[in-house]
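Open the model in your viewer and keep the sequence panel beside it.

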Amino acid sequence: MNHEETRITLRLPTGLHAWLTAQAKANRRSLNSEILHRVEGDYRSAVEDAESP
């Protein structure tokens with residue numbers, strides 16, 4: 001995986017932000033780490049699905 005970083009601004013609906021914040025707290029991660037964890041998980045799943053016959 002490429003380790004270069006790009007900064008973005010992400011606008012979230014209030015309810016989604018609250019849910020992600022709660023999930024981050026429950027998982028002992030920062031909000032950014034929680035979002036990244038979920039995006040990377042979805043990315044890996046998409047790559048595996050694309051590679052399977």
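Select Glu48 to begin: this residue is exposed, with a relative accessible area of 53% (buried means under 20%, exposed over 50%, partly exposed in between, using a 1.4 Å probe and protein chains only). Glu48 sits in helix α2, residues 31-51 (helices are DSSP runs of H or I with at least four residues, strands are runs of E with at least two, and both are numbered from the N terminus). Draw a distance from Glu48 to Glu4: they are 44 residues apart in sequence and 22 Å apart in space, C-alpha to C-alpha.

A word on the numbers before moving on: this is a predicted model, where local features need pLDDT of at least 70 and side-chain atom pairs count only at pLDDT 80 or more, while totals for chains, interfaces and linings use all residues. Residues are numbered from 1 along each chain as its sequence is written, and side-chain values use heavy atoms, with hydrogens and water left out.

Now pick Glu34, also a residue of helix α2. Is Glu34 buried or exposed? Its relative accessibility is 0%, so Glu34 counts as buried. Show its side chain together with that of Asn27, and you will find a polar contact of 3.3 Å between the two (a pair of N or O atoms within 3.5 Å; within protein, one must be able to donate a hydrogen and the other to accept it, and residues adjacent in sequence count only if both atoms are side-chain atoms). Beyond the neighbours within four places in sequence, Glu34 is in contact with Leu20, Gln23, Ala24, Asn27 and Arg29 (contact means heavy atoms within 4.5 Å).

Next, colour helix α1, residues 14-26. This helix has 13 residues and reaches 18 Å from first C-alpha to last, close to the 18 Å expected at 1.5 Å a residue (the expected span is 1.5 Å times one less than the number of residues). Ala18 lies in α1 and, at 45% relative accessibility, counts as partly exposed. From Ala18 to Leu36 there are 18 residues in sequence and 16 Å in space, C-alpha to C-alpha.

Show α1 and α2 together. Their axes come within 9 Å and cross at roughly 95° (axes are lines fitted to C-alpha atoms, for helices over the stretch in contact, with angles from 0 to 180 degrees between N-to-C directions). The two helices are therefore roughly perpendicular to each other, a label for angles of 65 to 115 degrees. To see where they meet, select His17, Trp19, Leu20, Thr21, Gln23 and Ala24 in α1 with Leu31, Glu34, Ile35 and Arg38 in α2.

Move on to Arg28, in the loop between α1 and α2. Arg28 has a positive phi of about 55° although it is not a glycine; most residues other than glycine have a negative phi. Arg28 is exposed, with a relative accessible area of 80%.

For the last stop, go to His3, in the segment before α1. His3 is exposed, at 71% relative accessible area. His3 and Trp19 are 16 residues apart in sequence and 28 Å apart in space, C-alpha to C-alpha.

Definitions and conventions: Parallel < 35°, antiparallel > 145°, perpendicular 65-115°, else oblique.
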